[in-house]
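Please read the points below alongside the coordinates.

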Amino acid sequence: MSSPDPQVRAARNHSTNPAVRGPVVAVTGAATGIGALLTERLAASEEIKQVVAIDERRGECAAAQWHILDVRDPAIAEKLRGADVVVHLAVDLDLETDGAARTAYNVRGTQTVLTAAAAAGVHRVVLCTSAMVYGALPDNELPLAEDAELRATAEATGVGDLLEIERLARRAPRAHPGLNVTVVRPAVLIGGTDTALTRYFESPRLLVVAGSRPAWQFCHVEDLCSALEFAVLEKVEGELAVGCDGWLEQEEVEELSGIRRMELPSAVALGAAARLHRIGLTPSPAGDLAYTMYPWVVSGSRLHDAGWRPQWSNEEVLAELLEEVAGRHTVAGRRLGRKDATAAGAAGATVALLGAAAVVRRARKARRRI
């Protein structure tokens, strides 16, 4: 006789076994992406008593107790009552989302969850931002310690929101005594994700800015979920960086990927990227380029000291990323159709980027003559 489905088994364990003494954990953004993966993982864990899943629609985890609502709704406080830990993953970093709407959702949602958690008697909130908050700078140490200064600016996609979430995290224990906040900062996140950094590998050529020294460190979503579980179980706390061990130099990335580079002077690459974003041709601002130019590798020492280890290497994650993006075609962060991609592949990603800018300039001049 076959064993029951893991979700069913987990549901039986948590509903019929009063001996389970682990925490009750609430997960926001539980229906999709990282939230869905973490909800499944926690629901199947013998160290977790119950999982409360919160999202604007119901997800697939049958073992969780579902509440359907927007995280900005103050009524969430009642849904969190009885939870020991909240993992807040309802954060929108979609490249195509309007920037102002995205910021309003991310900041208001985090504020509401922190306030509601304190009101409901929750003792720990786990937030997930990104190692991007350290900033990508030419003088960054390799690797950066968790307590390194956050030197990022708001010039890259979503980074301003993440910095504001970090500020809320620092302020929350003072505003709500007794509430502990853990912040988890993953490196370049891979595994069903779509970001400016994953789209970098969809281009027919890898744009390399002359004089830059990129260093690539990845984080698989499975490793992020295991790190979040460590935080939930209070095996580690504070500000945590998570990623694969070590990093890859640009030359190693090119060799492993088989994608050739297109090198440009900094002023040309940044200027073209800024112009294309300003006129709405590309979703990525010029600030995203910095994260492909300079290192922002993290050590992850606090998780390592607690006994956590990544299950994926940088080489393995890069291979999975390349498999995921196979058949997609992107120039300057903008997805292309098959016909456009053929032309871009022949000319190179950067040539296409500059060509698009030239086309826009010619169109503007033509309009002025009319």
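1. For the linings discussed below, Ala, Val, Leu, Ile, Met, Phe, Trp, Tyr, Cys and Pro count as nonpolar, Asp, Glu, Lys and Arg as charged, and the others, Gly among them, as polar. The model is predicted, so that local features need pLDDT of at least 70 and side-chain atom pairs count only at pLDDT 80 or more, while totals for chains, interfaces and linings use all residues. Residues are numbered from 1 along each chain as its sequence is written, and side-chain values use heavy atoms, with hydrogens and water left out.

2. The protein has 13 helices and 15 strands, where helices (H or I, at least four residues) and strands (E, at least two) are DSSP runs numbered from the N terminus. Of its 370 residues, 51% are buried, meaning under 20% relative accessible area with a 1.4 Å probe and protein chains only. Among contacts (heavy atoms within 4.5 Å) with a separation of 6 or more, 78% join residues 24 or more positions apart.

3. Pockets and cavities are found on a 1 Å grid over the protein atoms alone: a cavity is a set of points where a 1.4 Å probe fits but cannot get out, a pocket is an open set with protein on both sides within 12 Å along at least five of seven lines, and lining residues have an atom within 4 Å of a point. Grid points are joined across faces, edges and corners, and a volume is the space filled by probe spheres set on the points.

4. The largest pocket has a volume of about 1100 Å³. Its lining comprises 43 residues, and those closest to the centre are Ile34, Val91, Asp92, Leu93 and Asp94. By class this lining divides into 24 nonpolar, 12 polar and seven charged residues. At least two lining residues come from each of α2 (33-43), β2 (50-55), β7 (188-190), α6 (196-199) and α7 (221-232), with α2 giving the largest share, four residues.

5. The second largest pocket holds about 240 Å³ of space, and among its 15 lining residues Ala136, Thr153, Glu155, Gly287 and Ala290 lie nearest the centre. Its lining has 10 nonpolar, three polar and two charged residues.

6. Two cavities of 30 Å³ or more are present in the structure. The second largest cavity has about 30 Å³ of space, and its lining includes Gln217, Cys244, His304 and Trp308. By class, that lining has five nonpolar, five polar and no charged residues.

7. Seven strands form an open sheet in the order β3-β2-β1-β4-β5-β6-β11, with parallel pairing, two strands being paired if DSSP finds at least two bridges between them. Because β3 (65-68) and β11 (239-242) stand at the edges with a single partner strand each, one side of each is left without a neighbour in the sheet. From one strand to the next the twist averages 20°. Within the sheet, β1 (residues 24-28) runs parallel to β2 and is joined to it by five bridges, and Val25 has Val51 of β2 as its bridge partner.

8. Helix α4 (residues 99-120) lies across β1, β4 (85-88), β5 (124-128) and β6 (180-186), and runs at about 180° to β4. For such angles, axes are lines fitted to C-alpha atoms, for helices over the stretch in contact, and values run from 0 to 180 degrees between N-to-C directions.

9. Leaving aside residues up to four places away in sequence, Ala64 touches Thr39, Val51 and Ala53. Ala43 is 21 residues from Ala64 in sequence, yet their C-alpha atoms are 6.4 Å apart.

Methods: Buried means under 20% relative accessible area, exposed over 50%, partly exposed in between (1.4 Å probe, protein chains only).
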